[in-house]
Amino acid sequence: PDTAAASSQWAKNLTALRLRDPELASALDGLDDGDLPKLEPTRSGAVTVARDNAAGRAVYLHSRYDPAAEARKWADHHTEEDKFCYIVGGFALGYHIKALLETLPENIIVVALDPDLQMLRLALDRLDFSAELARQQLAIVAQPTLHDLRPLEQPARVLLRPDVAHRGDDEAGRSRAVGAGRQVAHGNEA
């Protein structure tokens, strides 16, 4: 993976994130690069990452062949015309978040929830979310608590990535409590 490109993406994303959420930006910037999960190349030339589940088995968070194509299919399957906000559980490397943002009009908001600061840092190293952060189309809720989620009880569309729901760790348990790893659609009453 091209570290110069990652450094450039990180700098752009960090600048935009500092304006929206200085506390999260500082937490991500303070992470030691040596502690970040190891990226693995895919057949398409993109990268993926594996995390161990509760059973100690590696689970890839994205396709080992073409994560961007996988993300586009996911986004196409989960978009609806009458929704004003999408809440996504799990950021991983951000391919699905980027694909969703590219599919939606700019006035639609995406709220991404993820308990894993290391994965958020890797995602912001790899993909450019600076424009979406700057225009407030993307909100990132890191290490969410039930208190953080209370304002999100308004009608929206909740999308939980199946890989997060099936990881079998504590974070996946919290995700299952929200939506059992499936999409949950609420009516748009705005």
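Colleague: What makes Lys98 and Glu132 a salt bridge?
Modeller: The term asks for a side-chain nitrogen of Lys or Arg within 4 Å of a carboxyl oxygen of Asp or Glu. Here the closest N and O atoms are 2.9 Å apart, so the pair qualifies. Lys98 sits in helix H4 (residues 95–103) and Glu132 in helix H6, so the bridge ties together parts that are 34 residues apart in sequence. Helices here are DSSP runs of H or I with at least four residues, strands are runs of E with at least two, and both are numbered from the N terminus.

Colleague: What should I keep in mind about where these values come from?
Modeller: This is a predicted model, in which local features need pLDDT of at least 70 and side-chain atom pairs count only at pLDDT 80 or more, while totals for chains, interfaces and linings use all residues. Residues are numbered from 1 along each chain as its sequence is written, and side-chain values use heavy atoms, with hydrogens and water left out.

Colleague: Why is Glu132 called buried?
Modeller: Buried means under 20% relative accessible area, exposed means over 50%, and partly exposed is in between (1.4 Å probe, protein chains only). Glu132 comes in at 6%, so it is buried.

Colleague: Which residues does Glu132 touch?
Modeller: Leaving out residues up to four places away in sequence, Glu132 touches Lys98, Leu101, Gln137 and Leu138. Contact here means heavy atoms within 4.5 Å.

Colleague: How many salt bridges are there in the whole structure?
Modeller: A search finds nine. One of them joins Lys12 and Asp128, with the closest N and O atoms 2.8 Å apart. Lys12 is in helix H1 (residues 3–20) and Asp128 in the loop between H5 and H6, so this pair links parts that are 116 residues apart in sequence.

Colleague: Are Lys12 and Asp128 buried, exposed or in between, and what makes you say that?
Modeller: Lys12 has 40% relative accessibility, so it counts as partly exposed. Asp128 has 22%, so it is partly exposed as well.

Colleague: What does Asp116 do at the N-terminal end of H5?
Modeller: Asp116 caps that end, with a side-chain oxygen 3.0 Å from the backbone nitrogen of Gln118.

Colleague: How do you know that H5 is mostly covered?
Modeller: Eight of its 10 residues are buried. Among them are Leu117, Met119, Arg121 and Asp125. Arg121 and Asp125 also belong to a salt-bridge network with Asp33.

Colleague: What makes a set of residues a nonpolar core, and how many residues are in the largest one here?
Modeller: A nonpolar core is a set of buried Ala, Val, Leu, Ile, Met, Phe, Trp, Tyr and Cys residues joined through side-chain atoms within 4.5 Å. The largest has 40 residues, and Phe129 and Leu138 have the most contacts inside it. Helix H5 gives the most to this core, with six residues.

Colleague: Which residues does Leu138 touch?
Modeller: Not counting residues up to four places away in sequence, its contacts include Ile97, Leu101, Val110 and Phe129. Arg20 and Glu132 also touch Leu138.

Colleague: Why is Ile108 called buried?
Modeller: Its relative accessible area is 9%, under the 20% limit, so the word applies. Ile108 lies in the loop between H4 and S5. Beyond its neighbours within four places in sequence, Ile108 contacts Lys83, Phe84, Cys85, Tyr86 and Gln137.

Technical notes
Polar contact = N/O pair within 3.5 Å; in protein donor to acceptor, adjacent residues only side chain to side chain.
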